[in-house]
Amino acid sequence: MLIEWKDKFRTGVAEVDHEHKELVDIINSLHETSKTDADVEGFFGDLLAAISAHFALEERAMREAGHPDFRPHKGDHE
């Protein structure tokens, strides 16, 4: 395992925390695979899809909550 999930990573938003854990799992899966070219290509495809979905969820949650740091955080995503 490359990254161990810790409680200090929690945001308090169940959906966001779940997706953060999934991202950690995806990264750990590459670390644990044989790392052939196909493994790496598949990893980056999975990672890009997961990150894109996560950013959309996180931005929606921040916007709906009226979070004051929404705009700069969205800028970080972009």
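Author: Glu15 has a relative accessibility of 47%, so Glu15 counts as partly exposed. On this scale, buried means under 20% relative accessible area, exposed over 50%, and partly exposed in between, with a 1.4 Å probe and protein chains only. The model is a predicted one, in which local features need pLDDT of at least 70 and side-chain atom pairs count only at pLDDT 80 or more, while totals for chains, interfaces and linings use all residues. Residues are numbered from 1 along each chain as its sequence is written, and side-chain values use heavy atoms, with hydrogens and water left out.

The partner of interest is Arg60. Its side chain meets that of Glu15 in a salt bridge, 3.9 Å from N to O. This pair joins distant parts of the chain, since Arg60 lies in helix α2 and Glu15 in helix α1, 45 residues apart. Arg60 is also partly exposed, because its relative accessible area is 32%. A salt bridge here is a side-chain nitrogen of Lys or Arg within 4 Å of a carboxyl oxygen of Asp or Glu. The pair is also part of a network of salt bridges that links Glu15, Arg60 and Glu64.

The structure holds five salt bridges. One of them joins Arg10 to Asp7, with the closest N and O atoms 3.0 Å apart. Arg10, at 42% relative accessibility, counts as partly exposed, whereas Asp7, at 56%, counts as exposed. Another is formed by the side chains of Glu78 and Lys74, at 3.3 Å from N to O. Glu78 is exposed, with a relative accessible area of 71%, and Lys74 is partly exposed at 25%.

Helices (H or I, at least four residues) and strands (E, at least two) are DSSP runs numbered from the N terminus. The protein chain has three helices and zero strands. For α1, 19 residues at 1.5 Å each should span 27 Å, and the end C-alpha atoms are 27 Å apart, so expectation and model agree. The expected span is 1.5 Å times one less than the number of residues. Just after α2, Gly66 takes a positive phi of about 65°.

In α1, the buried ones include Val16, Asp17, Glu19 and His20, and what covers the buried residues of α1 includes α2. Conversely, the buried residues of α2 include Phe43, Leu47 and His54, and what covers the buried residues of α2 includes α1 and α3.

His54 is a residue of helix α2. At 2% relative accessibility, His54 counts as buried. Leaving out residues up to four places away in sequence, His54 touches Val16, Glu19, His20 and Leu23; contact means heavy atoms within 4.5 Å.

The largest nonpolar core has five residues: Leu23, Ile26, Leu30, Phe43 and Leu47. Helices α1 and α2 each supply at least two residues of this core, and the largest share, three residues, comes from α1. Such a core is a set of buried Ala, Val, Leu, Ile, Met, Phe, Trp, Tyr and Cys residues joined through side-chain atoms within 4.5 Å.

For the chain as a whole, buried residues make up 23% of the 78 residues.
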